[in-house]
Amino acid sequence: MSHYTDALTQLGAKTTLPQSPEEAVLERVPNPQPGEAYVVRFTQPEFTSLCPITGQPDFAHLVIDYVPGDWLVESKSLKLYLGSFRNHGAFHEDCTVGIGKRLVGLLAPRWLRIGGYWYPRGGMPIDVFWQSGAVPEGLWLPEQGVAGYRGRG
């Protein structure tokens, strides 16, 4: 096993979905290109959580973009973390911003943004956007590529 992965506990191991975001373990690996300004994008088109009031399921398409500093998030741990929201009750804003802040706390990236494109409940979609600061100068930053909700039209 490489020195990059020696401390990882989930990659390559049989794992179960954590019961909550608080129980989920996010892991990181060293950035092999720490001096470069580049964007890493994770897309989770089938994110689910629960309404904290009704217990009904909420669905979102999440797009996470970040410019790494010294660390990259390990993708299996991110997948398990995001999946742990399946039985978690929280408003859309709390889920979206909380995910961004937890990643910033783990990775200390040069910059991070998250777009939460939530599907309608009660006839109204709620989109939530958060970023850790100004976009680094000179960075090529593609659009997130998620169209606003249009219904059937």
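Predicted model: local features only at pLDDT ≥ 70, side-chain atom pairs only at ≥ 80, totals over all residues.

Modeller: Residues are numbered from 1 along each chain as its sequence is written, and side-chain values use heavy atoms, with hydrogens and water left out.

Biologist: Which residues does UniProt list for "binding site"?

Modeller: The UniProt entry is unreviewed, and its annotations may be inferred rather than shown by experiment.

Biologist: Is Glu 74 buried or exposed?

Modeller: Glu 74 lies in the loop between strand S4 (71–73) and helix H1 (75–83), strands being DSSP runs of E with at least two residues and helices runs of H or I with at least four. Leaving aside residues up to four places away in sequence, Glu 74 touches Leu 8, Leu 11, Glu 27 and Arg 28, a contact being heavy atoms within 4.5 Å. Buried means under 20% relative accessible area, exposed over 50% and partly exposed in between, with a 1.4 Å probe and protein chains only; because its relative accessible area is 5%, Glu 74 is buried.

Biologist: How many disulfides does the count come to?

Modeller: A disulfide is counted when a pair of cysteine sulfur atoms lies within 2.5 Å. The sulfur of Cys 51 is 10 Å from the closest cysteine sulfur, in Cys 95, which is too far for a bond, so the count comes to 0 disulfides.
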